[in-house]
Amino acid sequence: MQFLNASNGTEILDELIGVILENRTYLSEVDGAIGDGDHGINMAKGFRLCGEAIEGKQLSLHKALSNLATTLMGSIGGSMGPLYGSFFLGMANAVKDKDTIDAKAFGDMLSGGQTALQGISDAQVGDKCLIDTLTPAIAAYQKAIEAGESFPAALQALKTGAQQGRDSTKDLEARIGRASRLGERSKGHLDAGAVSCCLLLTQLADSTESRLETAAA
Amino acid sequence: MQRIINDPDNVVDDAVKGYRRASPDLYAATEHPRVLKFSGETVDKVGVVTGGGSGHEPAFLGYIGEGLCDAVAIGEVFSSPTADAFLEAFRAANRGQGVACLYGNYAGDNMNVKLARQMAEMEGIDVQTVVARDDVASAPADQRDKRRGVAGEIIMWKVGGAAAARGESLDEVIRLAQKAVDACSSIGVGLSSCTIPANGKPNFSIDPGMMELGIGHHGEPGIEVAPLTDADAMASAMCGPILADRTFENGSEVAVLLSGLGATPVMELNLLYSHVADRLDAEGIKVHRTYIGNYFTSLDMMGASLTVVKLDDELKALLDAPCRSLAMTQ
């Protein structure tokens with residue numbers, strides 16, 4: 001059986017932070033097409049501050065995710081701070097007492113994040129936002145686990161689900177956020193939150209897969 | 001971009017500095033750089049808090065003062081304050097009798113206030129909320145829950161602030177603030193776009209010779225883009241949806257708040273008001289009190305927002321009570 005050692009929090013967070021910082025300009029460009037063009041700037045600000053806070057510390061996944069959550073809620077206003085903040089806080093709480101995270105616990109962590117996010121926002125699939133990436137990605141992961149697939153195969157399903165979800169936002173008309181101003185004209189562009197969510201889930205899957213250990217059954 | 005700024009990314013913090021230096025008799029710092037509180041004498045009463053994105057000056061900081069708000073949290077331009085900022089405003093306003101958080105219906109503000117309330121609860125601060133939904137153009141009457149909060153928020157702060165100053169309980173402050181904003185119907189008209197300094201280019205566009213009726217305070221889409229009319233026709237176009245939104249009996253008393261959106265000269269607001277008054281007269285509606293000027297703006301947008309408040313004796317007494325702040329003194 002494969003599992004992730006939960007003491008790897010700082011390293012995994014560093015990789016999540018890295019992918020946001022690398023894509024700062026790209027995320028703002030995506031946002032600029034139909035939003036106010038500050039998504040990359042805001043996300044990079046929050047993730048960079050978290051990176052500074054956890055630097056040099058050996059944190060569990062619970063502690064590292066909690067730190068990210070509180071940093072995002074405290075430093076990014078608007079909608080993204082509370083949305084991503086609750087998502088990561090829900091994930092953190094789901095792995096609070098875990099030393100190791102197997103495929104089921106990883107699924108519980110994702111679902112914990114999703115539940116926390118739904119507790120704060122009424123956004124639905126189809127509204128053209130990060131939920132459009134998150135919901136199908138997590139559903140694909142859970143479906144793979146239920147079908148008895150391996151941890152790496154389920155992580156692959158998470159990535160594929162996230163990418164399909166992200167791409168689905170291109171043809172959607174925005175119903176929430178500033179892009180809803182554009183109505184019909186918001187079609188033809190990806191949603192910036194859906195793009196950053198896809199980057200984060202993909203990186204989380206890759207970071208997890210590269211650290212999987214195998215225990216004797 | 002013809003604007004008076006330093007680093008466009010620091011406009012909010014730079015502006016807060018200016019407010020504090022200009023009006024030390026009104027503003028005191030808190031533990032959070034984006035939260036200011038009233039610097040005057042602290043009296044034992046329910047705390048009144050609001051907050052929202054910057055760019056609507058004099059809202060929100062301009063309504064800190066006597067008989068109005070005790071502490072205010074602000075965010076980046078057109079972006080909700082953080083949950084931490086709202087929490088610090090709750091702490092700053094709390095005198096042990098609870099806090100009334102009176103804010104507008106926007107996704108980010110709803111989420112950040114909700115989180116801040118949970119954190120305040122853990123600290124033993126009782127926070128109750130009223131969410132303004134006075135923009136008649138943002139959703140039909142049967143979907144009031146979806147309406148955005150606009151200049152009616154000012155009436156909500158005025159009435160809630162006066163109730164708190166009078167020594168009412170938290171439940172009573174909340175009831176009266178809710179009653180006040182429920183009595184408000186507002187609509188905006190936009191004649192030009194506006195520019196967020198950090199973006200450097202207009203947020204959207206309104207073609208020359210056109211106007212957008214029902215535009216939101218951040219440029220959210222209105223109900224109609226039409227050729228620019230004269231002020232008389234514009235007043236009629238704005239009064240129409242407001243008068244249709246509720247019943248005004250012959251002899252009804254109202255307050256009228258006509259705010260510029262940032263770039264329209266105050267002379268033109270008064271000119272526009274004259275036609276609004278004609279229209280209300282024709283309906284047999286009596287104007288008890290007017291507020292005309294830049295009360296709630298949208299950066300450098302050209303245009304105006306009209307709020308009509310249907311009054312009864314209870315609301316009238318609270319609206320007429322004295323107050324002192326940067327944006328409103330009476």
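**Group meeting: contacts between and within chains A and B**

Hi everyone, let me begin at the interface of chain A and chain B, where the rule finds 0 salt bridges. Keep in mind that this is a predicted model. What the rule does find across that interface is 4 residue pairs in polar contact, with both residues at pLDDT 80 or more.

Which elements of chain A give two or more residues to the side that touches chain B? They are helix H4 (61-75), helix H5 (80-94) and helix H6 (103-120). H4(A) gives the most, with 3 residues. By residue class, that side of chain A divides into 5 nonpolar, 8 polar and 3 charged.

Now for the extent of the contact. Chain A puts in 16 residues and chain B 21 residues. Interface size is often quoted as the accessible area lost when the parts come together. Here chain A and chain B bury about 1,500 Å² between them, and 53% of that is on carbon and sulfur atoms.

Let's move on to the rings. Over all chains, the count comes to 12 aromatic pairs. Take Phe47(A) and Phe88(A): their ring centres are 6.4 Å apart and their planes sit at 80°, so this pair is edge-to-face. Phe47(A) belongs to helix H3 (residues 39-54) and Phe88(A) to helix H5 of chain A, so the pair ties together parts that are 41 residues apart in sequence. Are these two residues buried or exposed? Both Phe47(A) and Phe88(A) are buried. They also belong to a cluster, in which ring pairs link Phe47(A), Tyr84(A), Phe87(A) and Phe88(A).

My other ring example is Phe106(A) with Tyr141(A). Their ring centres are 5.4 Å apart with the planes at 45°, so this pair counts as tilted. Phe106(A) lies in helix H6 and Tyr141(A) in helix H7 (residues 131-146) of chain A, so the parts tied together are 35 residues apart in sequence. Phe106(A) is buried, at a relative accessible area of 0%, and Tyr141(A) is buried with 0% as well.

Finally, back to salt bridges. How many are there over all chains? The count comes to 27. One of them is in chain A, between Arg211(A) and Glu11(A), with the closest N and O atoms 3.6 Å apart. Arg211(A) lies in the loop between helix H9 (192-209) and strand E3 (213-214), while Glu11(A) is in helix H1 (residues 9-22), so this pair ties together parts that are 200 residues apart in sequence. Arg211(A) is buried, with a relative accessible area of 14%, whereas Glu11(A) counts as partly exposed at 33%.

Over in chain B, Arg91(B) forms a salt bridge with Glu123(B), and there the closest N and O atoms are 2.5 Å apart. This pair links distant parts of the chain, 32 residues apart: Arg91(B) is in helix H2 (residues 83-93), and Glu123(B) is in the loop between helix H3 (107-122) and strand E7 (127-132). Arg91(B) is partly exposed at 37% relative accessibility, and Glu123(B) is partly exposed too, at 40%.

Glu283(B) and Arg279(B) also meet in a salt bridge, at 3.9 Å from N to O. Glu283(B) counts as partly exposed at 37%, as does Arg279(B) at 27%. And to finish, there is a network: Glu172(B), Arg175(B), Lys179(B), Asp312(B) and Glu314(B) are joined by salt bridges that share partners.

Note on methods:
Residues are numbered from 1 along each chain as its sequence is written. Chains are lettered from A and ligands numbered from 1 in the order in which they are written. This is a predicted model: local features need pLDDT of at least 70, side-chain atom pairs count only at pLDDT 80 or more; totals for chains, interfaces and linings use all residues. Side-chain values use heavy atoms; hydrogens and water are left out. Contact means heavy atoms within 4.5 Å. Buried area is the accessible area (1.4 Å probe) that two parts lose on being put together, summed over both. A salt bridge is a side-chain nitrogen of Lys or Arg within 4 Å of a carboxyl oxygen of Asp or Glu. A polar contact is a pair of N or O atoms within 3.5 Å; within protein, one must be able to donate a hydrogen and the other to accept it, and residues adjacent in sequence count only if both atoms are side-chain atoms. Helices (H or I, at least four residues) and strands (E, at least two) are DSSP runs, numbered from the N terminus. Ala, Val, Leu, Ile, Met, Phe, Trp, Tyr, Cys and Pro count as nonpolar, Asp, Glu, Lys and Arg as charged, and the others, Gly among them, as polar. Rings of Phe, Tyr and Trp (its six-membered ring) pair if their centres lie within 6.5 Å; planes under 30 degrees apart count as stacked, over 60 as edge-to-face and the rest as tilted. Buried means under 20% relative accessible area, exposed over 50%, partly exposed in between (1.4 Å probe, protein chains only).
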